[in-house]
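Let's take a friendly walk through a protein model together.

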Amino acid sequence: MRRGLIAVLVLAALWAGYWFGAARLVERAAEAWFKAQTGAGTLAGHDGLRVTGFPLRFALDITRPHLADTDTGTGWSAAEARIAARAWMPWRVTLDLPEQQMLDLPGQELTINSSAMTATVALLPGATLPLDWTGLSGDGVSLLSSQGWALAIAHITATTRRDLTDPLTHDLRAEARSITPDEGFRRRLAMQSTLPELIEGWRVDAALSFTAPLDRNAAEMQPRLAALKLRDATLTWGTLILSASGDLTPDAEGFAEGRIDLRLTGWRDLVPVLVAAQLVKPEVAPTVTRALEVMAKDGTAEVLDMPLVLSEGWMRLGPIPLGPAPMMLDQRQ
């Protein structure tokens, strides 16, 4: 009995020593990370760090964390954030995000509100700690832009998982349910369409390939997106169902290049959506409709197959020009 008690006390003392020693290392590593980001040209900071969770967890509470990339004009900030891991499994980390976050983008600022949002990052134990999988779950998510538009999503999930055959590739699956577009967009759409205000859902299944592994050396190697393979992406909105698949790679200038094959069920509802989104001017809508009718086998077919072509820095939906292609890989880096 006495020996057993002594053994328990010794183990408890050893565990406490491990926890407090590791907690100090976590705090130092977090401080070093913020300093390293600033040294690499990114503005990063906080108003305080604290490690709690004894004896079973390491919970790093960060007060007013903020990050900013002056080259791209992007940034993120929040009132607080918590990064936690089980004491016996420190390579699997959970990030609890606050109800409100601020995201800076070129030309606008997004306010992200949610009733609950959690992200998980799982690494593989080893020298380089390669990324194994990630997960994101959010309820009651809303986006409010400084440009005046808003978007609400009842539930969103996203996961990535390392491809076992290619260390540079990660599979992505994401889903959003019950999407409410911006009020101004809904008003414009209601004037010319019978589509419901609520978008039932959106899902995507894709593979992302990077220029370098996503591991502990990522800050030095700076992995960038080298290829996107879209296996399936489907948007369901009343009678309008849009599905897509295809491949994209960066061109010599870094713009996305390739072809995405689109299938539209209930395609006649698409033109009012493009007009309401102010991608097509109202006076041009009849011309666009006639072009789609020609592509849809004299306008009688309910299903329309058409390509989204990205080439030489521009996007084209069938015969319809849409504008500049998105930047996929910044060649300045």
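## A word to start with

Two residues are in contact when they have heavy atoms within 4.5 Å of each other. Keep that in mind for the packing described below. This is a predicted model.

## The whole protein

The protein has 333 residues, and 36% of them count as buried. Its chain forms five helices and 20 strands. Along the principal axes, the C-alpha trace spans about 90 × 40 × 40 Å.

How do contacts link parts of the chain? Take the contacts between residues at least 6 apart in sequence: 50% of these join residues at least 24 apart.

## Helix α2

Helix α2 covers residues 183–190, and its buried residues are Gly 184, Phe 185 and Leu 189. Viewed down the axis of α2, these buried residues fall within an arc of 135°, so they line one face of the helix.

What do the buried residues of α2 pack against? Their partners are β15 (225–237) and α4 (270–276). On the face of α2 turned away from the buried side sit the exposed residues Arg 187 and Ala 190. Look also at the start of α2, where a side-chain oxygen of Asp 182 comes to within 3.0 Å of the backbone nitrogen of Gly 184.

## Helix α5

Now move along to α5, residues 285–295, where Ala 285, Val 288 and Leu 292 are buried. These residues cover an arc of only 60° around the axis, which puts them on the same side of α5. Among the elements covering the buried residues of α5 are α4, β18 (303–311) and β20 (320–324).

## The second largest pocket

The second largest pocket has a volume of about 1500 Å³. Its lining is made up of 39 residues, and those nearest the centre are Trp 202, Leu 235, Leu 242, Val 273 and Leu 279. Which strand gives the most to this lining? That is β15, with five residues.

What kinds of residues make up the lining? There are 34 nonpolar, three polar and two charged ones.

## A loop residue

Finally, find Arg 224 in the loop between α3 (218–221) and β15. Is Arg 224 buried or partly exposed? With a relative accessible area of 23%, Arg 224 is partly exposed, because only residues under 20% count as buried. Arg 224 and Ala 212 are twelve residues apart along the chain, and their C-alpha atoms are separated by 7.2 Å.

Conventions
Residues are numbered from 1 along each chain as its sequence is written. This is a predicted model: local features need pLDDT of at least 70, side-chain atom pairs count only at pLDDT 80 or more; totals for chains, interfaces and linings use all residues. Side-chain values use heavy atoms; hydrogens and water are left out. Buried means under 20% relative accessible area, exposed over 50%, partly exposed in between (1.4 Å probe, protein chains only). Helices (H or I, at least four residues) and strands (E, at least two) are DSSP runs, numbered from the N terminus. The arc is that of the directions from the helix axis to the C-beta atoms. A polar contact is a pair of N or O atoms within 3.5 Å; within protein, one must be able to donate a hydrogen and the other to accept it, and residues adjacent in sequence count only if both atoms are side-chain atoms. On a 1 Å grid over the protein atoms alone, a cavity is a set of points where a 1.4 Å probe fits but cannot get out, and a pocket is an open set with protein on both sides within 12 Å along at least five of seven lines; lining residues have an atom within 4 Å of a point. Grid points are joined across faces, edges and corners, and a volume is the space filled by probe spheres set on the points. Ala, Val, Leu, Ile, Met, Phe, Trp, Tyr, Cys and Pro count as nonpolar, Asp, Glu, Lys and Arg as charged, and the others, Gly among them, as polar.
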